[in-house]
Amino acid sequence: MAEWSGFSYIVTNLARFIRPHEVTFSGVNSTLPMLACLLAKRAYDFEFVYINVAGGVQPTPSKIPLSSSDPVLSEGSTAIFANEDFYDLCTRGRMDLCFLGAAQVDGLGRTNVSTIGDWHNPKVRLPGGGGGAVMLPTARRAVTWRTEHSKRTLVETLDFVTAAGGMHGVVTPLAVFVKREGRLVLQSWHPERSLDEVVARTGFAVDARGAEPTPPPTPREIDALRSLDPQGQFERDARISIG
Amino acid sequence: MASDHESKLMSLTEMVARVPDGAALALGGSFLHRGPFAFVRELIRQNRKGLEIIKQSPGYDLDLLCRAGCVAKARAGIVAMEGNFGLAPWYRRAVETKQIVLEEHACASLTAGLRAAAFGVPFQPCGGLHGSDLPRLNGWACLKDPYGSGQDVWVIPPISPDIAVIHANEVNEFGDTRIYGTYNWDRIMSRSAQRVFVVAERLAPVETFKERPEMTLIPGFMVDAVAVVPNGAWPGSCWPYYEIDYPEVESYMDEAGSLDAHLARAPELQETRRG
């Protein structure tokens with residue numbers, strides 16, 4: 001059976017949220033979702049509309065940039081869809097799937113990207129609001145990821161609620177969560193790890209009813225990811241350890 | 001409003017000399033891409049203080065200005081170096097130690113504020129924001145739809161920068177401005193600001209603007225000052241001319257490194273000497 005790395009687990013499981021014919025968006029500071037969108041284009045037989053923060057609409061970039069907002073991601077586009085365009089698309093309800101970053105996620109699928117500690121006296125000032133506060137409640141589905149699966153990233157109580165609303169899925173190096181009846185529940189977990197470990201390392205209560213081990217990567221998924229990161233630079237930069 | 005039939009060309013030094021201490025500056029581009037970075041470095045060389053920086057996704061520009069102690073306030077959506085560089089370290093420290101005041105936005109709420117100013121209305125509805133702590137933090141109001149849909153909408157007060165500073169691909173002496181690839185948030189910045197300064201990679205003949213007027217993002221009559229600085233978005237990218245200079249950004253991020261040495265390597269110094 002093909003094995004996962006933390007990196008391939010996150011990128012591939014993000015890609016598995018992409019559905020046929022939908023408008024799917026990757027933004028700034030979002031290297032792993034950018035790779036997921038490009039992976040889906042190479043590994044899956046269905047069409048979908050890939051748009052990105054570099055203004056790209058169905059781009060065919062000549063290379064894969066380290067920065068997920070690099071203008072090379074608009075190469076091959078037949079249009080430039082600038083920042084106001086994709087935000088307005090989202091708020092009027094036409095963005096099907098939006099990948100959004102988070103530092104902390106709670107059991108309701110709300111996110112904090114603002115501060116560790118009190119907002120007015122931060123221990124760590126994080127990047128801030130960004131797309132989430134407007135896109136999370138207005139996208140049809142939003143999906144986030146964490147490169148660390150721990151009680152400090154998947155929390156019972158957020159230090160600050162930057163964004164709330166339509167979180168559909170969360171991917172970590174260890175597990176995939178989806179929202180059901182207003183709460184995140186476990187959909188699947190890394191097949192070489194245990195359900196007990198997922199529960200022990202998650203800060204909110206884990207509902208694992210119906211969850212199963214994550215299906216292994218398919219040969220096409222493996223080939224697509226290898227073609228996107230032939231030197232392993234993205235995997236090294238992501239510094240993901242399953243722990 | 002600026003005139004449309006006189007040359008606005010000047011050196012970068014002269015352009016920055018027109019910026020007073022305490023000015024509210026909207027900076028174009030996004031993260032390491034097509035930012036007015038030569039302009040920002042010249043602000044530091046001319047020792048501007050107490051600046052307010054307005055930008056949806058600042059990074060190197062805001063970090064550099066924080067590092068040099070030029071900033072009093074930032075109004076921003078998301079601040080990071082991006083690429084594979086992570087957080088903006090000097091900005092982060094400036095907020096944590098309260099050297100600067102942060103007005104934290106979503107990118108779209110900052111845009112709504114710029115739209116309110118651009119549209120000439122006292123506030124602008126912004127989609128989303130429901131359930132976020134940001135509206136309470138910023139004292140924003142929530143209105144019920146007066147037309148009876150039952151929807152509530154957050155409204156953002158106007159944000160009108162004193163000067164929008166745009167780094168463009170091509171400009172002519174009258175200020176007509178072209179950008180290749182995405183223009184990020186530059187269009188709404190140019191419409192919301194009191195004045196517009198354009199730093200461009202190169203001059204292009206007026207005739208080329210007349211041939212393709214739909215390619216002009218900002219008409220010259222709205223532009224107050226123009227400077228030509230090749231490679232001025234260094235160490236960031238300016239599509240399609242050049243990419244991010246990753247080794248230079250890495251060197252900038254080295255906390256033991258010298259800010260002066262970084263500034264001394266900047267391409268605009270050649271331009272300033274010539275200009």
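1. Let's start in chain B, where B:Pro240 lies in the loop between β12 and α9. Helices here are DSSP runs of H or I with at least four residues, strands are runs of E with at least two, and both are numbered from the N terminus. The peptide bond from B:Trp239 to B:Pro240 is cis, with omega near -5°. B:Pro235 sits in the loop between β12 (225-228) and α9 (246-253) of chain B, and a cis bond with omega of about 5° links B:Trp234 to B:Pro235. Most residues other than glycine have a negative phi, and most peptide bonds are trans.

2. A quick word on what you are looking at: this is a predicted model, in which local features need pLDDT of at least 70 and side-chain atom pairs count only at pLDDT 80 or more, while totals for chains, interfaces and linings use all residues. Residues are numbered from 1 along each chain as its sequence is written, and chains are lettered from A and ligands numbered from 1 in the order in which they are written.

3. Now look at phi. B:Asn47, in the loop between α2 (37-45) and β2 (51-55) of chain B, has a positive phi near 60° without being a glycine. Is B:Asn47 buried or exposed? B:Asn47 has 10 C-beta neighbours inside 10 Å, so it counts as exposed (12 or fewer other C-beta atoms within 10 Å; 20 or more is buried, in between is partly exposed, with C-beta atoms placed from the backbone).

4. B:Lys98 also deserves a visit, in the loop between α4 (89-96) and β4 (101-104) of chain B. Its phi is positive, about 60°, although B:Lys98 is not a glycine. B:Lys98 is exposed, with 11 other C-beta atoms within 10 Å.

5. Over to chain A, which has 7 helices and 13 strands. Its radius of gyration, taken over C-alpha atoms, is 17 Å, close to the 18 Å from the globule rule for 243 residues, so chain A is as compact as a globular protein of that length. That rule is 2.2 Å times the number of residues to the power 0.38. The C-alpha atoms fill a box of roughly 45 × 45 × 30 Å along the principal axes, and 54% of the 243 residues of chain A count as buried.

6. Finally, which residues of α2(A) meet α6(A)? They are A:Leu35, A:Leu38, A:Leu39, A:Arg42 and A:Ala43, and their partners in α6(A) include A:Ala224 and A:Leu228. Contact means C-beta atoms, placed from the backbone, within 7 Å.

Conventions: Contact = placed C-beta atoms within 7 Å.
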